[in-house]
Amino acid sequence: MRELTYAQAINEALLQNMERDERVFLMGEDIGKYGGIFQVTAGLLDRFGPQRVMDTPISEAGFVGAAVGAAMTGMRPVVEIMFIDFTTVCMDMIVNQMAKIHYMFGGRGKVPMVLRTNIGAGRGAAAQHSQSFHAFFVHIPGLMVVTPSSPYDAKGLLTTAIQDDNPVIFVEHKKLYATKGPVPEEFYTIPFGRAELKRKGRHITVVATHEMVNRTLRVAEELARQGVELEVIDPRTLRPLDQETILDSVKKTGRLIVADEGPVTCGIHAEIAALVAEQAVEYLQAPILRVGSPDTPVPFSPPLEQIYIPDEEDIRDAVERLRAYL
Amino acid sequence: MELSREQLLFLYTTMVKIRLFEERIQDLYARGVVPGLAHLYVGQEAVAAGVCAQLEPRDYITSTHRGHGHVIAKGAQLKYMMAELFGKKTGYCKGKGGSMHIADVEIGVLGANGIAGGGIPIAVGAALSSKMRGTDQVTVCFFGDGSSNNGVFHEGLNLASVNRLPVVFVCENNLYGISVSQKQHQLIEDISVRSIAYSMPGVTVDGNDVVAVFQEAGKAIRRARAGEGPTLLECKTYRWRGHHEGDPNQGRRYRSMEEVQQWMERCPIKRLEQTLLGKRIATRKRLQEIWESTRGEIDSAVQYAQESPFPQPQDLYEDVYS
């Protein structure tokens, strides 16, 4: 199969969905001629024109809210927020409008829209362009939260997101944009709420998201040579969350590490840990460990930023702590 | 342009309907029948009636936390509204939205909104959508003087202006943002001047004169429908009641009795009544009939709401996702 980068895979999903459904259009800052800050929308303006690839003024609350109105009245907008950090200036539109209109209006009106954005530190962009707070959105009933870790998943999940009648927060990862992987040319979907078992193993379950999936897989490869087998699960969507796959795995291994790039306190790690504590505590043979960002803003200085980012070493450390329970 | 007899009577009937609906809510709220918050529209009837009378059923509105008037004027059914205010399953939102969130996309009501200014970008999006779909639908966006200080007001007007969208921004300037007077929160007198920054027409009208509102809204809506872009229409009016039912002394802590009295003398319904009687468009008897039949409609709406069931526990989990 041909290989595409993660960014190209998303671009292809946008293109194919726009070709198939004229209700689909894009809004965002610098997504036109510029092609988006990460080149995800490159070439789409030439193909579909400024009506369907709208460069908006810098006014996130304005255009996210406009997408809500457009979605309620028959369109399927896909909005790009350049960095997840900027969603904070349109939180009202996301949390009070987009997420709860369907419920608040007793099922009158749907909001079929996608808000694409990205997380991840490591580009020296400091505290306001590097955060990973996708778990914010998992906290809000009414939103779907998608976290693709590969080009294949990015393309399939984005098509599902665009076709879904609910508002979706589609969280990309900056470090993944340039990574390559096999992506079919055809149009395909990946259902929400189905985790992928990335690697089978019998000793420790690691639930990992985004780039933490790839980091965990590298660690798993090393550890396998030492006789420790990690079972790696990528939930792919955090809401809905595939509880069954996670619980089944923990019931088998009896040990759990949750690896996500968000800050650990109140992160998705805590949610998954609580799920296991509530529903499978009797299977646990070891404490549940969390691997994520420390409780600090993202620092600028490169050595500090490297310490900040949860990486292979942090995963190895967690496994090391669990060795006592093997 | 002179209004026809039918048009004038229609405006009158709509205002009476809003007035009586709100007065009934005031009573039911005081007696503890209506739970939650109720922000009444009494005194502002001319704005909703005048603006919505210019709209077609296919057109959209977004409304505010003080939204009953807009929704009634856009054609909502009183019984579903009443049931919603009672928290009943038969209400517009199945009892999940209440007073501040009445919506019916079928009749173009894209929702009343509990966030000040929350409906502004949504209205802009609805207008964008109708432009993209190639329809001639117009969206009217209602909001208050307080909302015009909010970021989304400026973002929304700019977005609408730059895309020449078919939207009319109707600012209901009732002189108070909860307890803070407009003088305290804005140094401008006319909010319509803010249109200059977005290169669109800005008009201020007496919001208690339903004929004037109707005429100015008509111009703005025709302009929008013709593809000429948005307008900011400011309607100066006044709320007779407090910010909400339960507001201490109905707002007398922050405004004088005299002020309220002066505005009550400028009642939009009485004003039109004088015109109707003076020009012999309707007899006093005919007008009384309108009040009576509307009262009957409200009685049956209350009865419908009272007899309707509350939602069941399992309904809590419905409609989170579609």
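Tutor: Happy to! Two strands pair if DSSP finds at least two bridges between them; helices (H or I, at least four residues) and strands (E, at least two) are themselves DSSP runs, numbered from the N terminus. A word on the source: this is a predicted model, in which local features need pLDDT of at least 70 and side-chain atom pairs count only at pLDDT 80 or more, while totals for chains, interfaces and linings use all residues. Residues are numbered from 1 along each chain as its sequence is written, chains are lettered from A and ligands numbered from 1 in the order in which they are written, and side-chain values use heavy atoms, with hydrogens and water left out.

Let's look at strand S11 of chain A, residues 230-234. S11(A) has a partner in strand S10 of chain A (residues 204-208), and the two run parallel over four bridges. In that pairing, A:Val207 has A:Ile233 of S11(A) as its bridge partner. Between S10(A) and S11(A) the chain passes through helix H8 (residues 210-225) of chain A, and this β-α-β crossover is right-handed: with the strands pointing away from the viewer, the path from the first strand over the helix to the second runs clockwise.

S11(A) also pairs with strand S9 of chain A (residues 196-199), here in the antiparallel sense and over three bridges. There, A:Glu196 stands opposite A:Asp234 of S11(A).

Now for the side chains. In a regular strand they alternate between the two faces of the sheet. From S11(A), A:Leu230, A:Val232 and A:Asp234 point one way, whereas A:Glu231 and A:Ile233 point the other way. Five of the five residues in S11(A) are buried, that is, under 20% relative accessible area (1.4 Å probe, protein chains only).

Stepping back, chain A holds twelve helices and 14 strands. Its radius of gyration, taken over C-alpha atoms, is 20 Å, close to the 20 Å from the globule rule for 326 residues, so chain A is as compact as a globular protein of that length. That rule is 2.2 Å times the number of residues to the power 0.38. The C-alpha trace of chain A spans about 60 × 45 × 40 Å along its principal axes, and 62% of the 326 residues of chain A count as buried.

Finally, the neighbour: 36 residues of chain B are in contact (heavy atoms within 4.5 Å) with 40 residues of chain A.

How values were computed. Buried < 20%, exposed > 50% of the residue type's maximum accessible area, 1.4 Å probe, protein only.
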